[in-house]
Structures are given as C-alpha cells and as structure tokens.
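This report describes selected helix contacts and individual residues of one structure. The sequence and the model are shown below.

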Amino acid sequence: FRSQQHNPNPPISTIFEGLNLGRWVSKQRLGKEELSSDRIKRLDSIGFSWDPLEEQWSEAFQALQKFHIREGHCRVSRNQVEEGINLGAWIHAQRIKRPRLSADRIAKLDSLGFCWDLSEDLWNEAFAALKKFRIREGHCRVGLKSSLDGIKLGGWVSRQRHGKENLTKAQVEGLNSLGFSWDPHAELWEKCFSTLQRFHKREGHCRVPTNYVFEGVKLGSWANNQRNKKSQLTSSQIARLDSLGFSWSLQDSKWEDGFMALWNFYKRTGHSIVPQSYAGKNGPHLGRWVHRQRQAKARLDLSRIKRLNSLGFIWKFEDKT
C-alpha cells in the first residue's frame, strides 16, 4: 500500500488486497505496547504513524488533495463532505489552529494553495461564481437577489461596489478583468443608449412607442424614464440624447404611441378606417385617438398630418358603428 500510495497511513476504511488494512493499522497503534521491538522497527521503517490524531489529519488531508485535483482549488464550502469526512469543518479548524500546527503540516497545506484567511477564501469563492456568471451571460450585471452555486451573488456584487476602498489591488484588478462595472446604473444607461442609437439608425428617428421592445431592451419604457427623470441626467447624457433628435415631450411620446398603433392597424387591415369604439391591444384606445386627430387637425403639425396621410387617413369620417 505504501509503495503504491506513497503513504504508510491508510484511512481506517481502507480495504487493500482483500484485507481491511485501515482497521489493522488502527489495531497496531492501540496495541503498540504488546508489539515486539522488531515489529515496531519494521513499521517505523516505512514511516508509520503511531498517533491516531495524526492518522485523522492525514486522512482529511488526503481528502483535500483529491478535492484539489478535481476542482483545481481548495475553496471548500463550510458543509462540504468528502469521502465521509466533513472537509469544510476540518479546513475551518486548520485556520483556527494554525499557530499550533507543525511546520510540516503548514507546508503540506501551502503546497495546495491553501487559503488561511477565511474572508479571502470566501471572496475567491464568490469571485469564481461571478466569473461563471460572466461566461454564461456575457456581462456582470447581477440582479440584487440573484444566487449562483449557493452564493448570494447579487448581494456580494453590491458589497464590492460599496466597499471598493477596502478591496486589495489584486481584487480590484480581478473584477476589472471581467468587465465589472462599479456603477451599474451608468452601465445600464450606456446599453440602452446604444440600443436607441441602433433604433435611430434603422428608423431615422427616436420616436419609440411606450411599450416597444427592441433587441430585448424595453426601449420605450427607458425613453419615457429619460423624460421623467431629465433633471437627474448628466449634461453629457442630455447632449447625447439631443444629438439623436430625442423628444423630451411626454405628449409627443403619447402621440407616437397612437400613431404606431394606427400603423399596425393599417399594416394588418390595409386601411386606417378605425371605428371609434375600437380599443386595440397593448396601447392607447385607438378609436378615440383617431377621433381626436380629426377634431384637432387644425392644431396638428404639418409633419404629423403628412404621416397620417401616408396611411390613407380619412379626415371626414362618419362612424356608424
């Protein structure tokens, strides 16, 4: 067993070549005083350990070695059990007992990249989860209540932003390497603005209907939020929206919602004769909106009249429904 495993201290559960070797070893320790000097010397010659606590430590260390080979690290969760050993609790005990551990044991643990600082180990575990999230989602915008691999990742991400000054340089660089945003609101704004730019390039304007979704982004809702919160935007953000001809009027936005509903009606039916009782779906009450356009024709901008005319809009219509 020693020749194959390079270890003369098999765990108590070890069965080797049909022999319950682990129990046999335990009996040698317990009955050492009854052994002949020759047998003691033979066991000593292969590095046999007479201390059962040493046996337990070695057994747990072997379990950690296997975990390290399998996972590539020693970040073991507190309740992790390996081969019947509560490896998480054992690791916690090693941290606490470090001042009393032998130099040999410390060296063995260090050889596996063992982390003696629990807070650092927990940080590394959460960082690994964030990295996994980044690979899966393509970004680090983690929802506040999101969890991954048993880690409350959303809360952890929030704490990194609020406690950035307490992070080490290596930790900050590690987060930066994932494209981590220290201001998630600014990052989300940039994403939505880029989407609006593509909408503008395709449509030639920024008249986004309220409930309109473009490339998976609720662009209409975002555009309305910019209007409602204009006083909270930076001068740079306002200037960038202005560069696209963005309309800050909520009334304009509501008119665009009505026009888009009429356009969809026209595309579906081939005409724009909408009964006043017709409500439509997911938008303004289309029949009433159309009626208001007729009543307000004298006050409408010429550009709006032209757009309505492009749909064959009838300005004098007697609704008999």
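## Helix H10 and its two partners

In this predicted model, H10 and H11 are roughly perpendicular to each other, because angles of 65 to 115 degrees count as such and their axes cross at roughly 110 degrees. The axes of H10 and H11, the latter covering residues 219–228, come within 11 Å. H10 passes H11 in a left-handed crossing. On the H10 side, the residues involved are Trp189, Cys192, Phe193, Thr195, Leu196 and Phe199, which meet Leu219, Trp222 and Gln226 in H11. By residue class, this contact comprises seven nonpolar and two polar residues, with no charged ones.

H10 (residues 184–203) also packs with H12 (residues 235–242), here at an angle of about 15 degrees and with the axes 11 Å apart. H10 and H12 are therefore roughly parallel to each other. The crossing of H10 past H12 is left-handed. Trp189, Glu190, Phe193 and Leu196 of H10 make this contact with Gln237, Arg240 and Leu241 of H12. Its residues divide into four nonpolar, one polar and two charged.

## Helices H7 and H9

H7 and H9 (residues 169–177) pack with their axes 11 Å apart, at an angle of about 10 degrees. An angle under 35 degrees counts as roughly parallel, so H7 is roughly parallel to H9. Trp123, Phe127 and Leu130 of H7 form the contact with Gln171, Gly174 and Leu175 of H9. Four of the contact residues are nonpolar and two are polar, while none is charged.

## Two buried arginines

Arginine 227 is located in helix H11. Its relative accessible area is 10%, and a residue is called buried under 20%; arginine 227 is therefore buried. The side chain of arginine 227 is joined to that of asparagine 224 by a polar contact of 2.8 Å.

Arginine 294 belongs to helix H14, which spans residues 286–295. Arginine 294 counts as buried because its relative accessibility is 16%, under the limit of 20%. Leaving aside residues up to four places away in sequence, arginine 294 touches Phe313, Ile314, Trp315 and Phe317.

## Two partly exposed loop residues

Aspartate 117 lies in the loop between helix H6 (103–110) and helix H7 (118–137). With a relative accessibility of 38%, aspartate 117 counts as partly exposed. Its side chain makes a polar contact of 2.6 Å with the side chain of serine 119. Aspartate 117 and histidine 92 are 25 residues apart along the chain, and their C-alpha atoms are separated by 9.9 Å.

Glutamine 276 is found in the loop between helix H13 (250–269) and H14. This residue, too, is classed as partly exposed, at 35% relative accessibility. A distance of 24 Å separates the C-alpha atoms of glutamine 276 and valine 208, which are 68 residues apart along the chain.

Terms used:
Residues numbered from 1 in each chain as written. Predicted model: local features only at pLDDT ≥ 70, side-chain atom pairs only at ≥ 80, totals over all residues. Heavy atoms only, no water. Axes fitted to C-alpha atoms, helices over the stretch in contact; angles between N-to-C directions. Helix = DSSP H or I, 4+ residues; strand = E, 2+ residues; numbered from the N terminus. Parallel < 35°, antiparallel > 145°, perpendicular 65-115°, else oblique. Left-handed = near helix turned anticlockwise from the far one by under 90°. Contact = heavy atoms within 4.5 Å. Nonpolar A, V, L, I, M, F, W, Y, C, P; charged D, E, K, R; others polar. Buried < 20%, exposed > 50% of the residue type's maximum accessible area, 1.4 Å probe, protein only. Polar contact = N/O pair within 3.5 Å; in protein donor to acceptor, adjacent residues only side chain to side chain.
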